[in-house]
Amino acid sequence: MKKISIKSVAFLALAMATASCSDYLDQKSESSMDDQNIFSSAELAAGAVDNIYIYFGETNYRGRVMWYGYNTDIEYYNSSTSKDGKSDLATYNTQISNDQMNTTSNATLYACMYSGIEKANLAIEGLEKYGDMNKPVMAHLLGEALAMRAMTYLDLINMWGDIPARWEPITSDQIYAAKADRDDIYEHIIADMERAIELCAWPNALERTKTNTRINKAFAIGLYARICMQAAGFSMRADGQNRLSSRATLSKDVLYPKALEQLKKLYHTEYASLKSNFADVFNYNGISGDVVTAGSESLFEVPYAEGTVNRGRIMYTFGIKHNDADGFTSMLQGSQVGPTMNLFFDYSENDQRRDITCCPFQWSKGVQTVQALNKWSFGKLRYEWANRFIKTGNDDGINKCYMRYSDVLLMMAELANYIDGPTAALPYIKEVRERAFDASLRASEVDNYLAKGDTKEKMQQLIEDERAFELAGEFVRKADLIRWGKLKSALDEAKKRMEALIQKEAYTSSNPLGTKYEYNKLSGKLYYKYEDYTDYNTAVFGSEAGKNAKLVFYGLNKGETATPGTDYTSYKDSKGADTDWIKDGDGAREAIEALYTRDPEKYMYWPFFNVNINDNPLLENFNWY
């Protein structure tokens, strides 16, 4: 069960300021204890590092950071057609006056994240001056602070591109800072992460590393690889070009071997592993159930808590929607974002990840009901999978999973393929794909499928597809597409696939594998019946909670074109007449058009908002904003 959450430490008020993120310029305060006393004590130093995590729980972090990551070729904000501030953030139409981000209530997301950097700078400075690095706990705390700072910078780059760089606590003579070249930041945080890997303890080596809600060496290694791969990839630059870095130090030839060498330290060790069952990553045995055991598949989770502070809005945003108070929750939210209309049909129907990831239903009056084609839910997080009843409100206390071991294996496959070719990549991608299929199907669905990747180019495409099938709804896709230089082309391909889907036509993509999506084998009809829903923790919700509540579908698999038995009900329109579920209507075309409204390549980053520029007159947006 969850053991650690973001919290203020009582004694920390005596040691360091815990200002809100709007006051991040004033992190140091007069104190009865000086820095030497704080950072020479493991207990007090741990409080200083805990203080970094506080920004995760600030209102405009936990409520706004969700908006980064969609829309992509596999993930879609379900209100993208609304033409408001929220949809603008998703559809690459963000204005500097955006009403969700350009706010003076509490602190902006941008300021919250820089408050974390300032607190990290204070902790790093104190630990480097006064911490005894011969003590494993103190060394780990320094590594943890370095990794926290690097992670925050990576997230800032993902959202804004070039950003100010601060590596020391702020002083009165350098309150304002102009943007730095992101390559300078990449070089700095790569060096920091190499140091953090050496300093951090392995999972379960210290009391502090027994849960995945604190950084450990395994996650530090994964984060290092992610940073290296993004630094070596494409991105939109201040000169208006979507290009690779011109620095040899940030080339794939330099960074990819380093990243792979580090990731191999995790491979087949006690420090990280795939769960044998994909569902257990997310259900009551995993993220939805607040299970935070270190050394398993979830390498690091942003920690939130049940209660009145630092509560998080993960299930509220990404969980399956419940329209009414029922036996599982009284929080009437969820399904704000879901898979693109085509994603479900692009999986193999034998892939166990498909029905967990893509759900065409919501809960209404205690039973599942059919959603429209353009309103899919992601199903990796579910109120009914929790180990507690989640009550009415905006915050649910479910952690945000930042990185999983399956992501690490797919990074290893990509790195190995680039360095040594498809044979070297095969073992890593195979482990991920094997878990998704019954053993009886592995010859066709794994071995024969992966045999198509017989060149570097074809294997790279397989890896990109596998990252989609494995990680959909975890919002790492946008950064992947950007570093591959495929953001716009992938979104355009998704539009073509969705168009072919609603016309029920075969679609052949232009990728090197020539993958064929046979949407013409779908009738467009959808039939359903009910059976007992049993996939929940009966010890929490009772054995009667899911009686006759689960939808069983006919028509979602290709080739299911007959009329099923009389115990099935056909999908009907609002007037009660039988109608196609897959069709060019009911908002499907509008959803396709709203995947992006401005060039996603040019507008891959958010602009600095008016409130940020007013607070820091040295900030400047790219000249096309």
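Among contacts in the protein chain between residues at least 6 apart in sequence, what percentage join residues at least 24 apart? In this predicted model, the share is 72%. The chain holds 22 helices and 15 strands.

The overall dimensions were computed next. The C-alpha trace spans about 75 × 55 × 50 Å along its principal axes. The radius of gyration is 24 Å. A compact globule of 625 residues would have a value near 25 Å, so the two agree. Buried residues account for 62% of the 625 residues. The accessible surface of the protein chain amounts to about 23,100 Å². Carbon and sulfur atoms contribute 46% of that surface. Charged side chains number 72 positive and 86 negative. The centres of these two sets lie 2 Å apart.

Three strands form an open sheet, ordered β14-β13-β15, with antiparallel pairing. β14 and β15 (569-570) stand at the edges and have a single partner strand each, so one side of each is left without a neighbour in the sheet.

Strand β13 (residues 527-531) pairs with β14 over five bridges, in the antiparallel sense. Two bridges join β13 to β15, and these strands also run antiparallel. Y528 has a counterpart on either strand. Y528 stands opposite F553 in β14, and Y528 stands opposite T569 in β15. In a regular strand, side chains alternate between the two faces of the sheet.

Methods
Residues numbered from 1 in each chain as written. Predicted model: local features only at pLDDT ≥ 70, side-chain atom pairs only at ≥ 80, totals over all residues. Heavy atoms only, no water. Pairing = 2+ DSSP bridges. Helix = DSSP H or I, 4+ residues; strand = E, 2+ residues; numbered from the N terminus. Rg over C-alpha atoms; globule rule 2.2 N^0.38 Å. Buried < 20%, exposed > 50% of the residue type's maximum accessible area, 1.4 Å probe, protein only. Contact = heavy atoms within 4.5 Å. Areas by Shrake-Rupley, 256 points an atom, 1.4 Å probe, with all protein chains shown as cover. Lys, Arg positive; Asp, Glu negative; His and termini not counted. Charge placed at Lys NZ, Arg CZ, Asp CG, Glu CD.
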